[in-house]
Amino acid sequence: MPTKTAGNSTITWTGMTGGPDVGRITANLTQAPIDTTGVNGTFFNYETGIVEGTVDVEMFYLKGVHTVGAMTPGTKLAGFTVTLVSGNTITANSAMVETARVDLQPNDVVRVTATFRLCEGAVTVA
């Protein structure tokens, strides 16, 4: 299990206690353009669309110490925040569990690999 230090990425949401150790986080963000070209336009015009994305996470926690809540697909987690090693953060009002694989390891260690869909409100990258 990775050692939690100030240099590790973290992931949190409302109702979680004790924050799991994060082995890997991959943020996949997109912002689709909106075509606003006039009917007789000679050049394409675009406006920025909605930011959307997913976050892939591999995390480890102790079954008897941490509470992460339900990890079944379709579950929505409120107050979702990812803090990357760089110090940048990605926040969303909530995130929906799209996929989850839960592996029970020796000594009550639980390994979760999951994909979270950022949803319901603005996605902020800072």
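Me: What share of the 126 residues of the protein chain counts as buried, and what makes a residue buried?
Reply: Of the 126 residues, 33% count as buried. Buried means under 20% relative accessible area, exposed means over 50%, and partly exposed lies in between, with a 1.4 Å probe and protein chains only.

Me: What kind of model is this, and how are its residues numbered?
Reply: This is a predicted model, in which local features need pLDDT of at least 70 and side-chain atom pairs count only at pLDDT 80 or more, while totals for chains, interfaces and linings use all residues. Residues are numbered from 1 along each chain as its sequence is written, and side-chain values use heavy atoms, leaving out hydrogens and water.

Me: What joins strand E5 to E6?
Reply: Ten bridges join E5 (residues 89-104) to E6, and the two strands run antiparallel. Ala100 stands opposite Ala114 in E6. Arg101 has Thr113 as its bridge partner in E6. Four residues lie between the strands in this hairpin, and Asn107 takes a positive phi near 65° there.

Me: Why is strand E6 called largely enclosed?
Reply: Strand E6 covers residues 109-119, and nine of its eleven residues are buried, so the rest of the structure largely encloses it.

Me: What makes E4 and E5 a pair?
Reply: Strand E4 (residues 76-83) and E5 share seven bridges in the antiparallel sense. Phe80 has Ala92 as its bridge partner in E5. The hairpin of E4 and E5 has five residues between the strands, and Gly87 takes a positive phi near 100°.

Me: How do you know that strand E7 pairs with E5?
Reply: E5 and E7 (residues 124-125) have two bridges, in the antiparallel sense. That count meets the cut-off, so they pair. Thr91 stands opposite Thr124 in E7.

Me: Why is Ala92 called buried?
Reply: Ala92 sits in strand E5. Its relative accessible area is 7%, so Ala92 is buried. Contact means heavy atoms within 4.5 Å. Leaving aside neighbours within four places in sequence, Ala92 is in contact with Gly79, Phe80, Leu118, Cys119, Ala122 and Val123. Ala92 and Gly121 are 29 residues apart in sequence, yet 6.5 Å apart from C-alpha to C-alpha.

Me: Why does Asp103 count as buried?
Reply: Asp103, in strand E5, has 17% relative accessibility, so it counts as buried. Not counting residues up to four places away in sequence, Asp103 touches Val109, Val110 and Arg111.

Me: What makes the pairing of the Asp103 and Arg101 side chains a polar contact?
Reply: A polar contact is a pair of N or O atoms within 3.5 Å; within protein, one must be able to donate a hydrogen and the other to accept it, and residues adjacent in sequence count only if both atoms are side-chain atoms. The contact between the side chains of Asp103 and Arg101 has a distance of 3.3 Å.

Me: Why is Thr75 called buried?
Reply: Thr75 has a relative accessible area of 18%, so it is buried. Thr75 lies in the loop between E3 and E4. A polar atom of its side chain lies 2.8 Å from the backbone oxygen of Thr72.

Me: Is Gly64 buried or exposed, and where does it lie?
Reply: Gly64 lies in the loop between E3 and E4. At 72% relative accessibility, Gly64 counts as exposed. Its C-alpha atom is 9.9 Å from that of Asn107, 43 residues apart along the chain.

Me: What share of the contacts in the protein chain joins residues at least 24 apart?
Reply: Among contacts between residues at least 6 apart in sequence, 60% do.
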